[in-house]
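Thanks for coming, everyone. Let me put today's protein on the screen and walk you through it.

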Amino acid sequence: MTALDDSGRILDRGVLSALGWGSGMRLTVGERGGLIVVAADPAGACRVTSQGFVVLPVALRHWCGLRRGDRVLVVVDPGRGWMVVHPPAALEAMVSAAHSAVWGGEPL
């Protein structure tokens, strides 16, 4: 879990380190099923900043309902060279679905 700042930067640089992404690395950033997918792509429109951050585009942040300070779950796959950012709404939906499956829709 990590937070976003007011510029849409993912504040945990450890995820980039795990992926081996350095300053200037070109990235493709998009949405799939309510999740944000960031992938290394030599033709990508985004880049890792000179300070070593990934910045999520403002239009995508608005579409996913992300605001400054929101905590997101970031999952990386170094072998594939991508990360998936789970916004709060996506996490809530996953947790609700899991609880419904466990409890059959009924609270304990």
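A word on confidence before anything else. pLDDT is the predictor's confidence in each residue, from 0 to 100. We need that here, as this is a predicted model. For this protein the mean pLDDT is 90. A value of 70 or more is reached by 96% of the residues. Where is confidence lowest, and where is it highest? Helix α3, residues 88-103, has the lowest, at a mean of 83. Strand β4 has the highest, at 96.

Now the sheet. It is open, and it is built from 6 strands. Read across it, and the order is β1-β5-β6-β3-β2-β4. The pairing is antiparallel. Which strands sit at the edges? They are β1, residues 2-3, and β4, residues 46-47. Each of these pairs on one side only.

Arg-26 stands opposite Arg-47 of β4.

Stay with β2. It also pairs with β3, residues 35-40, antiparallel and over 6 bridges. Arg-32 faces Leu-35 of β3 across that pairing. β2 and β3 form a hairpin, with 2 residues between the strands. Gly-33 in this hairpin takes a positive phi near 60 degrees.

Is Val-38 buried or exposed? It is buried, because its relative accessible area is 0%, and the cut-off for buried is under 20%. What does Val-38 touch, leaving aside neighbours within four places in sequence? Its contacts include Leu-27, Thr-28 and Val-29. Trp-21, Val-54 and Leu-56 are on the list too. Compare Thr-49. It is 11 residues from Val-38 in sequence, and their C-alpha atoms are 14 Å apart in space.

Last, the cysteines. How many disulfides does the structure hold? The count is 0. Cys-46 is in no disulfide, and its nearest cysteine sulfur, that of Cys-64, is 13 Å away. A disulfide would need the two sulfur atoms within 2.5 Å. Cys-64 itself is buried, with a relative accessible area of 13%.

That's the tour. Over to you.

Technical notes. Residues numbered from 1 in each chain as written. Predicted model: local features only at pLDDT ≥ 70, side-chain atom pairs only at ≥ 80, totals over all residues. Heavy atoms only, no water. Pairing = 2+ DSSP bridges. Helix = DSSP H or I, 4+ residues; strand = E, 2+ residues; numbered from the N terminus. Buried < 20%, exposed > 50% of the residue type's maximum accessible area, 1.4 Å probe, protein only. Contact = heavy atoms within 4.5 Å.
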